[in-house]
Amino acid sequence: MDNKIATSAEVAESAVLPCVHEVHTDPEACAGLTKVPEELQKPVESKSASRWAYERLVLYIQNFEQQLDAEHEVAMGMTGGDAGVLRIEGIGYFDPDIITFYGTDTGGARTQLVQHVTQLNVMLRATPKPVKEKPANRIGFRLAKDLETTTA
């Protein structure tokens, strides 16, 4: 048992550092997040709730896409009402507390969801890509690349 005494600075820093822990019935079927990139392991006191939610969503989307085959793309199911499913084509945030999703619905209509971070519920779904001859779009890769340039 480690009885290390932490300084008040270490306790304060630990309180704002990201932590991820997941357990699955079949780890091979659904690989959860296993690591948080170094640039996102820094204290988050200066980040808004929307920025923090955006960065973590990027990680979840990228991880979900890594488990898809070449015939599927990531989409999200929306809760409440008859909103349906949105094929994710973009995500953004508006400080201090708004997240926005851009995409198309199952009928091909342009769709934008604007959501307060306290109401954030996102169900990621695998949907068949709309054009079979084209490669699947991977928004998670673009989002992660953008995070690398904006957090550096």
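The model is a predicted one, in which local features need pLDDT of at least 70 and side-chain atom pairs count only at pLDDT 80 or more, whereas totals for chains, interfaces and linings use all residues. Residues are numbered from 1 along each chain as its sequence is written, and side-chain values use heavy atoms, with hydrogens and water left out.

With contact defined as heavy atoms within 4.5 Å, Ile88 touches Ile61, Val74, Ala75, Met76, Tyr102, Leu124 and Ile139, its neighbours within four places in sequence being left aside.

Helices (H or I, at least four residues) and strands (E, at least two) are DSSP runs numbered from the N terminus, and the protein contains 3 helices and 5 strands, arranged along the sequence as α-α-β-β-β-β-β-α. Helix H2 (residues 49-66) comprises 18 residues and reaches 26 Å from its first C-alpha to its last, close to the 26 Å expected at 1.5 Å a residue, where the expected span is 1.5 Å times one less than the number of residues. Buried residues (under 20% relative accessible area, with a 1.4 Å probe and protein chains only) in H2 include Trp52, Leu57, Val58 and Ile61, and in the protein they make up 33% of the 152 residues.

Key:
Buried < 20%, exposed > 50% of the residue type's maximum accessible area, 1.4 Å probe, protein only.
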